[in-house]
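Biologist: I would like to learn how to read a structure file with some care, feature by feature. Could you take me through one, giving the general idea before the particular case?

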Amino acid sequence: MNDYQIFSWIFLAIALASQKEPIDYKGISMIADGINHSIPNEKEIRQSIIYLLNNNLISQIGKKYTLSEKGNLLYQKASEGKKPLLSIWEYIEIELIDK
């Protein structure tokens with residue numbers, strides 16, 4: 001996978017997992033595995049979190065993460081209608097590339 005595929009994968013995992021409360025690395029990894037049937041390594045999660053924080057798409061609360069207002073808007077736009085999860089992921093990836 002390229003960087004933007006990984007960033008969008010981790011973003012989507014955070015979006016799905018943090019709807020009720022912020023999520024930690026372990027939770028991100030579990031949800032990401034459910035999305036892609038692959039467990040992200042620590043480097044992929046760490047680099048994605050740095051990218052997503054630097055682009056104001058997520059917020060950090062202690063050692064946990066949740067969507068920022070900007071990230072929430074992106075996720076809402078990506079998930080409009082009844083799209084399959086992989087289509088939402090692809091939409092997010094395209095949006096990140098176009099930044």
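**Reading the packing, the core and the charges**

Modeller: Let us begin with a place where two helices touch: Phe11, Leu12, Ala15 and Leu16 of helix 1 meet Gly71, Leu74 and Tyr75 of helix 4. Please keep in mind throughout that this is a predicted model.

Biologist: At what angle do helix 1 and helix 4 pack, and how far apart are their axes?

Modeller: In general, a pair of packed helices is described by two values, the angle between the axes and the distance between them. Here the angle between helix 1 and helix 4 is about 95°, and their axes are 11 Å apart. Helix 1 is therefore roughly perpendicular to helix 4.

Biologist: How do the axes of helix 1 and helix 3 cross?

Modeller: They cross at roughly 85° and come within 9 Å, so helix 1 and helix 3 are roughly perpendicular to each other. On the side of helix 1, the contact is made by Tyr4, Ile6, Phe7, Trp9, Ile10, Phe11 and Ile14, and on the side of helix 3 by Glu44, Ile45, Gln47, Ser48, Tyr51 and Leu52.

Biologist: And how do helix 2 and helix 3 cross?

Modeller: Their axes come within 11 Å and cross at roughly 105°, and helix 2 is therefore roughly perpendicular to helix 3. Tyr25, Ile28 and Ser29 of helix 2 make this contact with Glu42, Ile45, Arg46 and Ile49 of helix 3.

Biologist: Which residues of the largest nonpolar core touch the most other members?

Modeller: The general idea is that nonpolar side chains tend to be buried together in soluble globular proteins. In this model the largest nonpolar core has 28 residues, and those touching the most other members are Ile10, Phe11, Ile14, Ile28, Leu52, Ile58 and Ile92. Two or more residues each come from helix 1, helix 2, helix 3, strand 2, helix 4 and helix 5, and helix 1 gives the largest share, nine residues. To see one member in its setting, take Ile28, which touches Ile10, Ala13, Ile14, Ile23, Ile45, Ile49 and Tyr65, leaving out residues up to four places away in sequence.

Biologist: Is Tyr65 buried or exposed?

Modeller: Tyr65 lies in strand 2, and because its relative accessible area is 6%, Tyr65 counts as buried. When residues up to four places away in sequence are not counted, its contacts include Ile14, Ser18, Pro22, Ile23, Tyr25, Ile28 and Ile49.

Biologist: Where does Lys63 lie, by way of contrast?

Modeller: Lys63 is found in the loop between strand 1 and strand 2, and Lys63 is exposed, with a relative accessible area of 73%. Apart from neighbours within four places in sequence, Lys63 is in contact with Ile23 and Asp24. Lys63 and Asp24 are 39 residues apart in sequence, yet their C-alpha atoms are 6.2 Å apart in space.

Biologist: How many salt bridges does a search of the whole structure find?

Modeller: The search of the whole structure finds one salt bridge, formed by Glu42 and Arg46, whose closest N and O atoms are 3.9 Å apart. Both residues belong to helix 3 and lie four residues apart, about one turn of the helix. Glu42 counts as exposed, at 54% relative accessibility, while Arg46 is partly exposed at 36%.

Biologist: Which value does phi take at His37?

Modeller: For most residues other than glycine, phi is negative. Phi of His37 is near 55°, a positive value in a residue that is not glycine. His37 sits in the loop between helix 2 and helix 3 and counts as exposed, at 72% relative accessibility. Asn56, too, is not a glycine and has a positive phi of about 55°, and Asn56 is found in the loop between helix 3 and strand 1.

Terms used. Residues numbered from 1 in each chain as written. Predicted model: local features only at pLDDT ≥ 70, side-chain atom pairs only at ≥ 80, totals over all residues. Heavy atoms only, no water. Salt bridge = Lys/Arg side-chain N within 4 Å of Asp/Glu carboxyl O. Buried < 20%, exposed > 50% of the residue type's maximum accessible area, 1.4 Å probe, protein only. Contact = heavy atoms within 4.5 Å. Core = buried A, V, L, I, M, F, W, Y, C linked by side-chain atoms within 4.5 Å. Axes fitted to C-alpha atoms, helices over the stretch in contact; angles between N-to-C directions. Parallel < 35°, antiparallel > 145°, perpendicular 65-115°, else oblique.
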